[in-house]
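Open the structure in your viewer and switch to the cartoon display. Keep the selection tool at hand.

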Amino acid sequence: MKIGLFGGTFDPIHKGHIDLAHIVLKECSLDQIYFIPSGISHFKGETTDKWHRFHMVELAVRNESNFMVSDVDTIREGNSYTCDTVSFFLSKFPSDSFYWIMGSDTFLQIESWMNYTYLLTNISFVVYMRPGDDEQAVLNLKNKFQNTFHTDIQIIDNIKFSISSTDIRAHVKDSEYLNHTIHSNVLQYILDHKLYQDPSCE
């Protein structure tokens, strides 16, 4: 099978994440996509409790037959590194092909990741362009990796990703905004657990 791996903090997960996953699933002819909420992110710093974020992703993908959620990073102690996550999936599903889904901003920083060459030689990548990113720089890096590591890298540039988790945290008291950006069961979870109520999120 062709399996997408969609890692992120998902703090919180929103409709933009799900819409993006549907586009990648179709355009790359994937069979499944695993959403992988990060545990302790080496790059993101402080985030909402990892189990809250995991449960929100569970709720968001509950009715999506091609989407799964993995707790591989959630149960891991210490920092979450993509190389460890990928190694887990390669060991668990040795006959499948894996595609790491990431934004162009993150792709441009991949050479700073731990054991990034391991990733480039063992899996494929799906890179979606974020508004404002330098597309030529992304293409140059793609060509560099393909020439050096023969990595399969697909770029998707027709995605309108206008929702951000940062904006959602800042508008947690704006019910109209939240109804348009996150799933109703995720919103209810946020309200039930009083997440993002800290004044610093406003």
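Predicted model: local features only at pLDDT ≥ 70, side-chain atom pairs only at ≥ 80, totals over all residues.

This tour goes from the sheet to the helices, then to the cores and the charged pairs.

Start by selecting the six strands of the open sheet, whose order is E4-E2-E1-E6-E7-E8, with parallel pairing. At the edges are strand E4 (67-69) and strand E8 (153-156), each of which pairs on one side only. Neighbouring strands of this sheet are turned by 25 degrees against each other on average, direction ignored. Strands of a sheet pair through backbone hydrogen bonds, either parallel or antiparallel.

Now select residues 2-8, strand E1, together with residues 32-37, strand E2. Six bridges join E1 and E2 in the parallel sense.

**Strand E7**

Move along to strand E7 (124-128). Five bridges join E7 to E6, and these two strands run parallel. E7 also pairs with E8 in the parallel sense, over four bridges. Select Phe125 to see both pairings: Trp100 stands opposite Phe125, and Phe125 stands opposite Ile153 in E8.

Is E7 buried or exposed? Five of its five residues are buried, so E7 is largely enclosed by the rest of the structure.

Next, select helix H1, residues 15-27. H1 packs on the sheet and touches E1, E2, E4, E6, E7 and E8. The direction of H1 makes about 145 degrees with that of E2.

Then select residues 135-149, helix H6. H6 lies across E7 and E8 and runs at about 165 degrees to E8.

**A loop residue**

Select Leu30, in the loop between H1 and E2. With a relative accessible area of 7%, Leu30 is buried, because buried means under 20%. Leaving aside neighbours within four places in sequence, Leu30 is in contact with Lys2, Gly4, Val24, Leu25 and Tyr99.

**Helix H2**

Select helix H2 (50-60). Eight of its 11 residues are buried, so H2 is largely enclosed by the rest of the structure. Among the buried ones are Lys50, His52, Arg53 and Phe54. The buried residues of H2 pack against H1, E2, E4 and H9. At the N-terminal end of H2, look for Asp49, which caps the helix: a side-chain oxygen of Asp49 lies 3.0 Å from the backbone nitrogen of Trp51.

**Two cores**

Hide the cartoon and show nonpolar side chains. The largest nonpolar core has 35 residues, and those with the most contacts inside it are Ile13, Val24, Ile33 and Phe35. At least two residues of this core come from each of H1, E2, H2, E6, E7 and helix H9 (184-192). Which element supplies the largest share of this core? That is H1, with five residues.

Select Ile13 and the residues around it. Not counting residues up to four places away in sequence, Ile13 touches Ile18, Phe35, Met56, Val57, Ala60, Ile182 and Val186. Apart from this core lies another, of 25 residues, including Tyr81, Phe125, Val138 and Phe145.

Side chains of opposite charge can pair when their charged atoms come close. How many salt bridges does a search of the whole structure find? It finds three.

- Select Asp73 and Arg76: their side chains meet in a salt bridge (2.5 Å, N to O), and both residues are buried.
- Select Asp105 and Arg130: the closest N and O atoms of this salt bridge are 3.1 Å apart. Asp105 is in helix H4 (residues 104-107) and Arg130 in the loop between E7 and H6. Asp105 counts as partly exposed at 29% relative accessibility, and Arg130 as partly exposed at 27%.
- Select Lys144 and Glu111: their side chains meet in a salt bridge (2.7 Å, N to O). Lys144 lies in helix H6 and Glu111 in the loop between H4 and helix H5 (116-122), so the pair ties together parts that are 33 residues apart in sequence.

Terms used: Residues numbered from 1 in each chain as written. Heavy atoms only, no water. Pairing = 2+ DSSP bridges. Axes fitted to C-alpha atoms, helices over the stretch in contact; angles between N-to-C directions. Contact = heavy atoms within 4.5 Å. Core = buried A, V, L, I, M, F, W, Y, C linked by side-chain atoms within 4.5 Å. Buried < 20%, exposed > 50% of the residue type's maximum accessible area, 1.4 Å probe, protein only. Salt bridge = Lys/Arg side-chain N within 4 Å of Asp/Glu carboxyl O. Polar contact = N/O pair within 3.5 Å; in protein donor to acceptor, adjacent residues only side chain to side chain.
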